[in-house]
Amino acid sequence: MTLADLGWNESFAQAFAPFAAEGCAPARVTLELKGYREVTGENGARLGECSGRFIHSAKAPADYPAIGDWVAITPQPGDDARVAIQAVLPRRTRFSRRAAGAEVLEQVVAANIDTVFLVSSLDGNHHLHRLERYLASAWASGAEPVAILNKADLSDDDLDSMRAAIADVAPQLPVFVVSARTRRGLKALGPYLQPGRTIAFLGSSGVGKSTLINRLMSARIQPTQEVRETDNKGRHTTTQRELLVTPGGTIIIDTPGMREIQPWAAAADLAAAFADVAAIAARCKFNDCQHTVEPGCAVHAALEAGELDPLRWESYVRLRRATAHEIRRVDRPAQQQHRSQMKKLTKDLRRRIGEKHGDE
Ligand code: GDP
Ligand code: ZN
């Protein structure tokens, strides 16, 4: 496998020049497991360990190499199977989640993904609000989002309403209707599946991501893309490869972490996805305007003047609510704050009712 097969290109080569001057070789992180990474370069796959110098200079979890990252490696003297990771090249795109721990820190789940397919299914079991959240993640990552409506063989009753709903949220988002089962519509994805391009799939469980990936791989299925690892109890466990190259040359990143991804930077996601709405909201009289009953609310003025599409405003509010909920779910301090706020509200309410009762 050449570096180009793994997605190497001119811009990575340029960023790599100073490391080449130091005698490093480039490699891509092709698998990430507890405690170690597999990196693949021109000489094949090696066990990559972050060098002492690297660990010393790393300031945050996000500085560590993630699947899809390009890294600068040096050989480990006397050990052909291992290499030392000296640096991570600047990421073209990155999907992140919150790192485990009390502090809110970013952890990179996957890097350098060019296109992300947001998969929904047409079997009446669609989750448009989830699509919105995945879309926000994609926008925040920098990868190009593409919507896939799968299972078109089952029914296309919902097709028009799905298309309209998607167009509401993201008028520019390309939408493809496919059936992974019958292969209908898959050819149209060709432009996104060029050799050396890195893609990933996001979507709820059951929408057909694995089936789609199998389809892309199936021209010549690689029978054993598996890695053996010894778990803590000394047993061997088998792990699926996380970075696959299709017979057509497309690179697929498929990790549990990507599949379960939730928006990380809710505020940043929203700002990017709804720049037009944000610009209007910035004109509100009060900085902390909730756009409900405040005087001087620019959002209300824009809605009344027909400058802001009410549907677009609704999507924004919905997405804001979804991300706020998601953040509370993963963010303990925010959760606690929410709980104490709710407690206070309940208390206030009780008091008011109590007063009312008292008055009567
Ligand atoms: P994932 O959880 O997103 O990876 O979904 P899977 O690929 O495991 O698919 C979930 C179920 O949907 C499986 O039973 C698949 O056979 C089925 N499925 C996937 N794609 C299609 C499709 O295009 N049409 C139909 N009818 N079923 C599909
Ligand atoms: Zn307002």
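Student: Let's start with I67: is this residue buried or exposed?

Tutor: Look at the relative accessible area, where anything under 20% is called buried. I67 comes out at 1% relative accessibility, so it counts as buried. Keep in mind that we're reading a predicted model here.

Student: Where does I67 lie?

Tutor: You'll find I67 in the loop between α2 and β4, the latter spanning 70-76. Then check sequence against space: I67 and V29 sit 38 residues apart along the sequence, while their C-alpha atoms are 5.0 Å apart.

Student: And L3, buried or exposed?

Tutor: Same cut-off, and L3 has 8% relative accessibility, so L3 counts as buried. L3 belongs to the segment before α1. Its C-alpha atom is 9.7 Å from that of N43, a residue 40 positions away along the chain.

Student: On to charges. Which side chain of opposite charge is nearest to R28?

Tutor: That's D114, 6.4 Å away. A salt bridge needs a side-chain nitrogen of Lys or Arg within 4 Å of a carboxyl oxygen of Asp or Glu. R28 is buried and has no salt bridge.

Student: What does the side chain of R28 reach, then?

Tutor: The backbone oxygen of G68, at 2.8 Å. There's also a polar contact of 3.0 Å between the side chains of R28 and T198. For orientation, R28 is part of strand β1, residues 25-33.

Student: How many salt bridges does the count come to?

Tutor: The count comes to 9 salt bridges. One of them pairs E22 with R53, with the closest N and O atoms 3.6 Å apart.

Student: Which parts does the pair of E22 and R53 tie together?

Tutor: Place each partner on the secondary structure. E22 is in the loop between α1 (10-21) and β1, and R53 is in helix α2 (residues 52-57), so the bridge ties together parts that are 31 residues apart in sequence. On accessibility, E22 and R53 are both exposed.

Student: Which residue forms a salt bridge with K151?

Tutor: D123, and there the closest N and O atoms are 3.4 Å apart. Both ends are in loops: K151 in the one between β9 (144-150) and α4 (159-169), D123 in the one between β8 (115-121) and α3 (128-141), so this pair ties together parts 28 residues apart in sequence. D123 is partly exposed, at 31% relative accessible area.

Student: What about the phi of K151?

Tutor: K151 isn't a glycine, and its phi is positive, near 70°. H291 is another case, with a positive phi of about 60° in a residue that is not a glycine. H291 is in the loop between α8 and α9, and it is buried, with a relative accessible area of 10%.

Student: Which side chain meets R283 in a salt bridge?

Tutor: The side chain of E307 does, at 3.5 Å, N to O. This pair links distant parts of the chain, 24 residues apart: R283 is in the loop between α8 (275-281) and α9 (298-304), and E307 in the loop between α9 and α10 (310-330). R283 and E307 are both exposed.

Student: Which residues are linked in a network of salt bridges?

Tutor: E49, D79 and R82 are linked that way.

Student: Now the ligand. Which residues come nearest to ligand 1?

Tutor: Start with the shell, then pick out the contacts. There are 16 residues around ligand 1, and D153, G206, K209, S210 and T211 come nearest. By class, the shell splits into 3 nonpolar, 8 polar and 5 charged residues. By element, helix α5 (residues 209-217) gives the most, with 3 residues.

Student: How far is an oxygen atom of ligand 1 from the side chain of S210?

Tutor: An N or O atom in the S210 side chain is 2.7 Å from a ligand oxygen. The backbone takes part too: a backbone N or O atom of K209 is 2.8 Å from an oxygen atom of ligand 1, and a polar backbone atom of V207 is 3.4 Å from a ligand oxygen.

Student: What percentage of the area of ligand 1 does the protein bury?

Tutor: Compare the ligand alone with the ligand in place. Taken alone, ligand 1 exposes 580 Å², and the protein buries 76% of that.

Definitions and conventions
Residues numbered from 1 in each chain as written. Chains lettered and ligands numbered in written order. Predicted model: local features only at pLDDT ≥ 70, side-chain atom pairs only at ≥ 80, totals over all residues. Heavy atoms only, no water. Near = heavy atom within 4 Å. Polar contact = N/O pair within 3.5 Å; in protein donor to acceptor, adjacent residues only side chain to side chain. Areas by Shrake-Rupley, 256 points an atom, 1.4 Å probe, with all protein chains shown as cover. Helix = DSSP H or I, 4+ residues; strand = E, 2+ residues; numbered from the N terminus. Nonpolar A, V, L, I, M, F, W, Y, C, P; charged D, E, K, R; others polar. Buried < 20%, exposed > 50% of the residue type's maximum accessible area, 1.4 Å probe, protein only. Lys, Arg positive; Asp, Glu negative; His and termini not counted.
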